[in-house]
Amino acid sequence: MISGQVFAARLAHHGFDFFTGVPCSLIEDLIAVLERGERAPYVAAVREDAAVGVAAGAWFAGRRPVVLMQNSGLGTSLNALASLSLMYGLPALLVVTWRGFGGKDAPEHILTGEISPKLLELLGVPHRVPTAESLDADLAWAAGEMDARRSPVALLVPPKVVETGGVEACPPTAAPAVGRPVAAPTGTLAPSTMSRLTALGVALKAAGDDAILHANGYICRESFSLADRPQSFYMIGSMGLAPAIALGLALARPARRAVVFDGDGNLLMNLGVLAMIGARRPANLLHLVFDNEVYGSTGNQASLSREVRLDRLAAAAGFATAVAVSDPLSLEAALAATAATDGPHFVLVKVTAEEADVPRIPYTPAALRDRFRTAVLGG
């Protein structure tokens, strides 16, 4: 068996320098070492698909990311892998523990253990099954393969490859006193008469050279119609993952501000990301949610944001500021305030359900990937 310390050292030796994931007991010592941040950041994720998003943001910022998960997390992250990592061509190493290996495990792991290699094959994700003796060669293969293919690759790690119980889990740290908790927004918002197109125009004008991660749907298309820019990454799929990508980018490249243009339906699909952002508190992250209270792309079905104030959830999660606006002048003032202080900031932008007649994004996923990463690394 190989120790968590040695595993972490070999990852660093092969250039892996950003880590995120959801724990599994089979690699508890490795995670305990990574949590201490002796070599590179470890970002605890609430779900495996959110970790895939964080890794994508880190890669855009020039890192070589690793996503750690139990094989049950392959099911959770299937859409993120298919419509983000594989569609755009975003490299990452997936360290997937193999519960249910050989049909020997608790009942809930047996089926997933049987189909794990098949899931990776179905996705077209190359994988190897490492041993303690082969790990170094397997990591060298993974680093070369993911870079050459511009695609995720996986190590499917069976039990008794990595030592457990030899490293204590990282102790909890005291929450910083400054800015936590922010006062929850109060009062009732006036009904908005501001269209999303108008609100996007205000936000784009204030963005300057900021890197903008767009949620999928009409937010992308309307923003593109107003001001296409290489610093904008348009999400075609992967609903709910834009703030996770922004978090990875913000942490990996703290000198550049990462801005999210999100929607209420998108955020509701991945609410746990608010806790991830609140826990890490990146000073350079701004999260805007254009809330029209409907799922516009699918026929204007009602969103739960009609009943739940998303800005209050962000405040409770630990954002430095969380405000709500419903008119252009208030939005301009809120954006100016976020530029003057450290984040993370959250701005709930209430808009009407009106949608502009705008074209689809004309670029290929690979073109969107390349121009955005070039803009991020050049800034």
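How many helices and strands does the secondary structure of the protein come to? The secondary structure comprises 15 helices and 14 strands, where helices (H or I, at least four residues) and strands (E, at least two) are DSSP runs numbered from the N terminus. The model is predicted, so that local features need pLDDT of at least 70 and side-chain atom pairs count only at pLDDT 80 or more, while totals for chains, interfaces and linings use all residues. Residues are numbered from 1 along each chain as its sequence is written, and side-chain values use heavy atoms, with hydrogens and water left out.

**Overall dimensions and packing**

- A compact globule of 379 residues would have a radius of gyration near 21 Å, and the protein agrees with this at 21 Å; the radius is taken over C-alpha atoms, and the globule rule is 2.2 Å times the number of residues to the power 0.38.
- Along the principal axes, the C-alpha atoms fill a box of roughly 65 × 45 × 45 Å.
- Of the 379 residues, 55% are buried (buried means under 20% relative accessible area, exposed over 50%, partly exposed in between, with a 1.4 Å probe and protein chains only).
- Among contacts between residues at least 6 apart in sequence, 78% join residues at least 24 apart; contact means heavy atoms within 4.5 Å.
- The protein exposes about 14900 Å², of which carbon and sulfur atoms supply 55% (Shrake-Rupley method with a 1.4 Å probe; for residues, only the protein chains shown count as cover).

**Cavities**

- There are three cavities of 30 Å³ or more; a cavity is a set of points on a 1 Å grid over the protein atoms alone where a 1.4 Å probe fits but cannot get out, and its lining residues have an atom within 4 Å of a point.
- The largest cavity has a volume of about 40 Å³, a volume being the space filled by probe spheres set on the points, which are joined across faces, edges and corners.
- The lining of the largest cavity includes A203, D210, R257, F261 and L335.
- That lining divides into nine nonpolar, no polar and two charged residues (Ala, Val, Leu, Ile, Met, Phe, Trp, Tyr, Cys and Pro count as nonpolar, Asp, Glu, Lys and Arg as charged, and the others, Gly among them, as polar).
- Helix α8 gives the most to the lining of the largest cavity, with three residues.

**Buried helix residues**

- In helix α9 (residues 218-226), the buried residues are I219, C220, R221, E222, S223 and F224, and the buried residues of α9 pack against α8, β7 (211-214), β8 (232-234), β9 and β10.
- W59 belongs to helix α3 (residues 48-60) and counts as buried at 5% relative accessibility.
- The C-alpha atoms of W59 and L249 are separated by 7.7 Å, although the residues are 190 apart along the chain.
- F372 lies in helix α15 (residues 365-378) and is buried, with a relative accessible area of 0%.
- Leaving aside neighbours within four places in sequence, F372 is in contact with residues including F60, A211, P230, F233 and L249.

**Backbone features in loops**

- A cis peptide bond, with omega near 10°, runs from G343 to P344, and P344 lies in the loop between α14 (328-340) and β14 (345-350).
- K160, in the loop between β6 (152-157) and α8, has a positive phi near 65° without being a glycine; K160 is exposed, with a relative accessible area of 72%.
- S238 is not a glycine but has a positive phi of about 55°; this residue, in the loop between β8 and α10 (242-252), counts as buried at 4% relative accessibility.

Conventions
On a 1 Å grid over the protein atoms alone, a cavity is a set of points where a 1.4 Å probe fits but cannot get out, and a pocket is an open set with protein on both sides within 12 Å along at least five of seven lines; lining residues have an atom within 4 Å of a point.
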